[in-house]
Amino acid sequence: MERSSVAKSSPFIDGLELWVKVALLSIWLVIGSGALLLALSTPSELSLLHKLLRPLQAHVDSDRALYSPLAYFFLLSLVFILERRIPAREQALFTVGFAQDTLWYVGTIVFRVAFLGYYALLLEDIYQQHFSFLTLDSISSWGASSRFVVALLAADFLRWLSHLIRHKVPLFWKFHAVHHSQSEMNLFTDARVHPVDRMISATLRFIPFLMLGNDLPVILGWAIFETIYPKFYHANVRLNFGLLRYILVTPQSHRVHHARGASYRDKNFGFTLSIWDRVFGTHYQDDFDYPATGVTDPDYPSEKVAGPRFLAVTFARQLLYPFQQLFRAG
Ligand SMILES: [Zn+2]
Ligand SMILES: [Zn+2]
């Protein structure tokens, strides 16, 4: 099997003079100190932030972790080092694909704050009015740690299942294909998800999850991990975690999920845990393969073709792409 070549270092950083490197490091340390101060602040000192995030906090608990600056600081620092030392594929640190994904990241935050929290409320309302008889009341009598483990496993399994469905149903795939379009994988690629894909995913996962009852405990540490970890495994990093890969999704296994070749199609759907793919036979057999990623459709509006000056236009075209596909198919 053909293996990809490994870059020795990044041209972006090595081209810089020493004083620029020192200046960048100083700025980075100031940002890190700021993140630490925020993390140590009490919630009352961050009332505006909490007010803004209230629609999310009511029903999408893990989104509290979205804005954990300290976790982001460590993630960015770690990925920065690893992408230079052990890149999965030869690639500059700041590519046009990276710039496009940061735009998706901003768009995703706007979409979540403005809409997704309210959509979750609507789904819960529908559930309580029409499907509440499905709720498994017996779970509420269990201990907190058992309920947490059930919540963790159930949420991860439902994410796996919803991901599989979004690949297998042609209508859903048209929207999910946008997530697969990145050929320069980076930590913000997890934000490259079409809003309709996000809504389909939320609908598929949320209603079954409500059956477990409303009082499932959410542990903030885990919520932060679940928010940060998908960013980490989208990074251009050559890591498969040794024996841990039998439990966790890894940068290697998720890269295979994004691979272009037909032999990789519909493999490794896991979100945090890799166990579902191993149990249900959707795990790709080679845990040492780091293939090229992206979609093969020549009509896809790629930022690599349009160039860095047209990020906003390309973003709009990528949002429209699934609808154009639907129109053509119809
Ligand atoms: Zn997928
Ligand atoms: Zn992905």
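Me: Which residues coordinate the zinc ion (ligand 1)?
Reply: In this predicted model, the zinc ion (ligand 1) has its donors at 2.1 to 2.2 Å. Along the chain these donors follow the spacing H-x3-H-x8-H-x3-H-x76-H. Each contributes its NE2 atom, and the residues are His163, His167, His176, His180 and His257.

Me: Is His180 buried or exposed?
Reply: His180 lies in the loop between α7 (170-176) and α8 (195-210). A residue counts as buried under 20% relative accessible area. The relative accessibility of His180 is 4%, so His180 is buried.

Me: At roughly what angle do the axes of helix α2 and helix α4 cross?
Reply: Two packed helices are described by the angle and the distance between their axes. Helix α2 (residues 18-40) and helix α4 (residues 69-85) have axes that come within 8 Å. Their contact includes Trp28 and Ile31 of α2 and Leu70 and Phe73 of α4, and by class it has 10 nonpolar, two polar and no charged residues. The axes cross at roughly 150 degrees.

Me: How many residues apart in sequence are the parts that Phe157 and Trp276 tie together?
Reply: Phe157 and Trp276 form an edge-to-face aromatic pair, with 5.2 Å centre to centre and 70 degrees between the planes. Phe157 belongs to helix α6 and Trp276 to helix α11 (residues 275-280), so the parts tied together are separated in sequence by 119 residues.

Me: Over the ring of which residue does the charged end of Arg159 sit?
Reply: The charged end of Arg159 is 4.0 Å from the centre of a ring. A charge sits over a ring when it is within 6 Å of the centre and within 35 degrees of the ring normal.

Technical notes:
Residues numbered from 1 in each chain as written. Chains lettered and ligands numbered in written order. Predicted model: local features only at pLDDT ≥ 70, side-chain atom pairs only at ≥ 80, totals over all residues. Heavy atoms only, no water. Donors = N, O, S within 2.8 Å, 3.2 Å for Na, K, Ca; no water. Helix = DSSP H or I, 4+ residues; strand = E, 2+ residues; numbered from the N terminus. Buried < 20%, exposed > 50% of the residue type's maximum accessible area, 1.4 Å probe, protein only. Axes fitted to C-alpha atoms, helices over the stretch in contact; angles between N-to-C directions. Contact = heavy atoms within 4.5 Å. Nonpolar A, V, L, I, M, F, W, Y, C, P; charged D, E, K, R; others polar. Phe/Tyr/Trp six-rings, centres within 6.5 Å; stacked < 30°, edge-to-face > 60°.
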